[in-house]
Amino acid sequence: MTAFDYTATPMRVRFGAGRLGEIAEEVDRLGLARVLVLSTPGHRQLAVDAAQLLGERAAGVHAGAVMHVPIASVEQARSAALSLRADCSLAIGGGSTIGLAKALALQADLPYLAVPTTYSGSEMTPVWGITQDGRKTTGRDPRVLPASVVYDPQLTESLPISTSVTSGINALAHAVEALYAPDTNPMVSLMAAEGARLIVSSLPAIAAHPRDPEARADALQGSWLCGLCLGGTTMALHHKLCHVLGGSFDLPHAPTHTVVLPHVLAYNAPAALAALAALRSALNAEDPALGLWELAGRLGAPRSLAELGLPHDALGAVVAEVGGNPYPNPRPVDHESLLALLERAWSGAAPTG
């Protein structure tokens, strides 16, 4: 018998088509009254629609969420919350918006409800991140978990195929690293394997039929499970690399995960045999790293850091930043191996260990 520790997430979840229409009821259940609706500028209309559903409970709309949660955006949202006398927020959107709600929960003690519209899974984790002076700082704190999560697959049906694919692979990265985390356990491994299976099986269906309700629901359930994995274990080299690439070089979050994941998986594979076996089954591929890289190519996702805008001469700085901070990883990482991994990811070459 294996002994292990596992902490379950405390938030309530409502899942199903049309559940967005129940957000007012959920706010009432939580005993809250003045909701600041958060979104990115591009999702302002969605935020306005949510505010209308809230009726008199809506304190206002703040469409100022930005990728990687720069500190200036947090200060602006905090000022808006104070001026509108909000007692909570509602984050409707992807990881950027939920990240802003987390920052407000951490710095202003403002509880929030999450309504995800992508597959980032951030709503299921106690992990927060704030970028200041070109450096993204992350941490874990249970205060940044939402009071409630409303999953409405209909909200993802208009998500562009390209975003759906990269967002899904971003979620898959949580499952991959959870499978070889030093603090993984049987419960997390079960969720990781099933989350990976749901993501990998749903993405081709979404690419073929973007409004397929079953595929959209499967992807959202998969992201939920993968997010729980991220929240329940310690992430390794892949997430460290992506935090540096995003926070220091402003690369787009989900596409960066999509490019980097196959290369880190190939590198770690020899030291993570149990994880490799689970991923072979979930991805239906003898070589999961190559299978994932090929899947991204078939679905039109980016496969090189160069096409995301990273200059080649930045690779040395990435290596120095990642190598200068300790983090767990199943296979030891040195300067040469990390630089070789990044060279392949930069050029778009097939992954190899």
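The following legends describe close-up views of a predicted model. Local features are given at pLDDT of at least 70, and side-chain atom pairs at pLDDT 80 or more, whereas totals for chains, interfaces and linings use all residues. Residues are numbered from 1 along each chain as its sequence is written, and side-chain values use heavy atoms, without hydrogens and water.

**View 1. An open sheet of six strands with parallel pairing.** The strand order is β1-β8-β5-β4-β2-β3; strands are DSSP runs (E, at least two residues), as helices are (H or I, at least four), numbered from the N terminus, and a pair requires at least two DSSP bridges. At the edges, β1 (12-15) and β3 (58-62) each pair on one side only.

**View 2. The pairing of β2 with β3.** Strand β2 (residues 35-38) joins β3 in the parallel sense over four bridges. Leu-38 has His-62 of β3 as its bridge partner.

**View 3. Val-69, a residue with positive phi.** Most residues other than glycine have a negative phi. Val-69, however, has a phi of about 50° and is found in the loop between β3 and α3 (71-83). Its relative accessible area is 5%, so Val-69 is buried (under 20%; exposed is over 50% and partly exposed in between, with a 1.4 Å probe and protein chains only).

**View 4. Asp-133, a further non-glycine residue with positive phi.** The phi of Asp-133 is about 55°, and the residue is found in the loop between β6 (127-132) and β7 (135-140). Asp-133 counts as exposed because its relative accessibility is 77%.
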